[in-house]
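I opened this one to look up a few things and jot them down as I went. Here is the entry, with the structure first.

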Amino acid sequence: MIARDPSSRARAGLLYTPHGIVETPAFMPVGTSASVKAMTQEQLEEIGVGMLLANTYHLYLRPGHETIRALGGLHRFMSWPRPILTDSGGFQVMSLKGLGRVTEDGVWFRSHLDGSPHFLSPEKAMEIQLALGADILMILDECVEYPSSYETTRRAMQLTGRWARRAKDYYDGELARIEDSRGSGFGVRGSQKEGTGVGGLEDEDEKLETPNSKLEAGRPKFEAGDSLRTPNPEPRIPTLFGIVQGGVDKSLRRESAAEMVEIGFQGYALGGLSVGEPKSETYDVVESTAELLPPDRPRYLMGVGTPEDLVECAARGIDMMDCVMPTRNARNGTVFTSEGKVVVKNARYARDDGPLDPACGCSVCRRYSRSYIRHLFVAGEMLAAILATHHNLYFYLDTMRKIRHAIRSGDYNKLWSRVRAAP
Ligand SMILES: [Zn+2]
């Protein structure tokens with residue numbers, strides 16, 4: 001079940017969270033405002049989504065984290081029984097050109113909704129994510145554009161380090177507080193124990209019970225290769241990830257990785273990649289940085305990428321990835337297939353009776369033709385986005401299944417060289 005590929009750095013593992021176990025390498029669809037655009041939660045479950053990503057920035061502004069907390073947390077609010085990772089909000093704030101200002105304390109920004117001023121500190125980002133009740137929380141970081149000067153990249157990397165310590169202190173303090181007041185807890189408020197509202201939660205827990213997990217009482221932990229650690233002794237609490245910054249400068253990445261490891265997180269993310277740098281640089285940074293991170297902790301590559309990137313980055317020791325590409329491209333009429341990208345909106349598919357991808361087993365490919373889906377796009381029907389998104393996410397998750405299978409079978413090279421040989 002848990003394996004390392006002998007010919008690459010690829011590894012298959014299990015990530016334990018308060019809402020269940022995720023098989024890694026894993027791809028997380030992006031559910032910006034507690035919704036993966038054009039998909040219902042039922043469909044996400046059906047195609048096998050193991051973990052979702054939700055955006056702190058968007059949920060903080062609307063409907064507000066206190067509203068979600070009052071409604072029993074994000075899982076219950078959106079009726080999603082499986083794990084959720086929340087980002088810190090920093091990336092969104094900083095990509096609002098001209099609307100944000102970074103200071104030592106945190107970042108000032110104006111809401112893109114109504115222009116109201118807000119302040120996000122490392123502590124505030126923790127507070128919001130804890131209120132949302134996510135399974136995996138991310139520290140607030142500063143991500144710089146590509147290209148950026150060495151000085152700018154270094155300053156942002158060092159600020160991220162100082163923010164990481166503050167986030168960790170706040171998180172540790174909250175954990176201590178929660179331990180004191182066990183039972184009134186956060187995050188799982190009104191979820192599993194009551195068994196109402198979210199169908200299947202209890203069943204999910206049942207299914208996940210193995211002799212081992214019973215012994216471990218569902219402790220969040222990560223198993224990769226032959227190592228096994230239980231970094232988090234509390235069964236029902238979220239896990240905190242640090243973020244390595246440093247642009248495409250390997251020495252800055254090394255410095256950042258060392259600092260994050262020294263602070264000590266339960267998982268480590270690689271941030272600030274796929275922001276316009278050449279692909280070879282992305283792969284280089286991923287490979288050299290992944291090596292510096294503890295092998296017994298999950299590694300999360302943020303915001304990457306294409307189906308080929310999934311294979312390339314898993315080969316370099318990445319365990320988790322997320323990207324808006326499959327969902328955003330689908331809404332624009334581009335689908336990923338075993339034969340490459342298909343712009344299904346194009347006139348050449350007007351009379352194409354075949355499925356989006358002849359090799360795909362998804363319910364869209366089994367039922368609908370390219371000509372019909374092309375027609376839906378041209379006619380501006382919302383079903384166009386629904387069908388294309390369903391297929392694209394299925395394709396991504398299927399790629400992850402192939403990746404995990406190849407790692408476990410010890411023949412990752414075969415899959416890898418197929419991707420490299422593709423046009
Ligand atoms: Zn399909």
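My notes follow, topic by topic.

**Ground rules.** I'm working with a predicted model, where local features need pLDDT of at least 70, side-chain atom pairs count only at pLDDT 80 or more, and totals for chains, interfaces and linings use all residues. Residues are numbered from 1 along each chain as its sequence is written, and side-chain values use heavy atoms, with hydrogens and water left out.

**Zinc site.** Which protein atoms are the donors of the zinc ion? I found C360 (SG), C362 (SG), C365 (SG) and H391 (ND1), lying 2.1 to 2.3 Å from the ion. Donors here are N, O and S atoms within 2.8 Å of the metal (3.2 Å for Na, K and Ca); water is not among the atoms, so sites may look incomplete. In sequence, the spacing of the donor residues reads C-x1-C-x2-C-x25-H. I then checked the geometry: the angles among the four donor atoms run from 99 to 120°, and the site is tetrahedral. For four donors, that label asks for all angles between 85 and 135 degrees. For reference, the ideal angle for four tetrahedral donors is 109.5 degrees.

The scale: buried is under 20% relative accessible area, exposed is over 50%, and partly exposed is in between (1.4 Å probe, protein chains only).

**Core.** The largest nonpolar core has 112 residues, and Y300 and Y412 have the most contacts inside it. Such a core is a set of buried Ala, Val, Leu, Ile, Met, Phe, Trp, Tyr and Cys residues joined through side-chain atoms within 4.5 Å. Helix α16 (residues 382–409) gives the most to this core, with twelve residues. Helices are DSSP runs of H or I, at least four residues, and strands are runs of E, at least two, numbered from the N terminus.

I listed what Y300 touches, leaving aside neighbours within four places in sequence: M28, L53, L85, M138, F241, Y268, A269, L270, M320, M321 and D322. Contact means heavy atoms within 4.5 Å.

**Salt bridges.** I get 24 in the structure, each a side-chain nitrogen of Lys or Arg within 4 Å of a carboxyl oxygen of Asp or Glu. R9 pairs with E291, with the closest N and O atoms 2.6 Å apart. R9 sits in the loop between β1 (3–4) and β2 (11–17) and E291 in the loop between α11 (279–290) and β16 (299–301), so the pair ties together parts 282 residues apart in sequence. R9 is partly exposed, at 38%.

R316 bridges to E312 at 2.8 Å. Here R316 is buried at 9%, and E312 is buried at 8%. Both pairs turn up in a network of salt bridges linking R9, E287, E291, E312, R316 and R420. I also noted R297 with D296 at 3.8 Å; both residues are buried.

**Two helices.** How many residues of α6 (residues 122–132) are buried? Eight of its eleven, so I call it mostly covered. They are P122, A125, M126, I128, Q129, L130, A131 and L132. Just after α6, G133 takes a positive phi of about 80°.

K168 counts as buried, at 17% relative accessibility. Beyond neighbours within four places in sequence, K168 is in contact with L240, I263, G264 and F265.

Key: Tetrahedral: all angles 85-135°; square planar, octahedral: opposite > 155°, others 65-115°.
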